[in-house]
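Subject: Structure handover

Hello,

Here is the structure I promised to pass on. Please open it first, then read the notes below.

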Amino acid sequence: MEPVDCERCGNRVLVEKNSWEHTTVQWSTDHPEVICEKYQQDPSLTQRGARIGRCSALRESIRKAVLDGRIPVPE
């Protein structure tokens, strides 16, 4: 797993790509709402499994890390 910082709030996650479609994310905190305004606005985002899919800034940060070659994607 490789570290990725959200470009909007700075939350750091560990990311692994099993394919282009599948992303595994491990959070460094159990409370992203303390750091990220997006999670403060919508408490449902902190539910397990919902954190990455609904935050466009984090998704974009991960996408950039993949395109920059920082996150390998198996063929």
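Contact here means heavy atoms within 4.5 Å. By that rule, and leaving aside neighbours within four places in sequence, V13 is in contact with E2, P3, V4, V25, Q26, W27 and L58.

Before the rest, some ground rules. This is a predicted model, where local features need pLDDT of at least 70 and side-chain atom pairs count only at pLDDT 80 or more, while totals for chains, interfaces and linings use all residues. Residues are numbered from 1 along each chain as its sequence is written, and side-chain values use heavy atoms, with hydrogens and water left out.

The core

A nonpolar core is a set of buried Ala, Val, Leu, Ile, Met, Phe, Trp, Tyr and Cys residues joined through side-chain atoms within 4.5 Å. Buried means under 20% relative accessible area, exposed means over 50%, and partly exposed lies in between (1.4 Å probe, protein chains only). The largest nonpolar core has 13 residues. V4, V13, V15, L58, I62, V66 and I71 touch the most other members. β2 (12-17) and α2 (56-67) each supply at least two residues of this core. α2 gives the most, with five residues. Helices (H or I, at least four residues) and strands (E, at least two) are DSSP runs, numbered from the N terminus. In soluble globular proteins, nonpolar side chains tend to be buried together.

The salt bridges

A salt bridge is a side-chain nitrogen of Lys or Arg within 4 Å of a carboxyl oxygen of Asp or Glu. The structure holds four.

- E7 is exposed at 53% relative accessible area. K64 is partly exposed at 31%.
- E60 is partly exposed at 29%, and R63 is partly exposed at 43%.
- D68 is exposed, at 55%. R70 is partly exposed, at 43%.

Side chains of opposite charge can pair when their charged atoms come close.

Best regards
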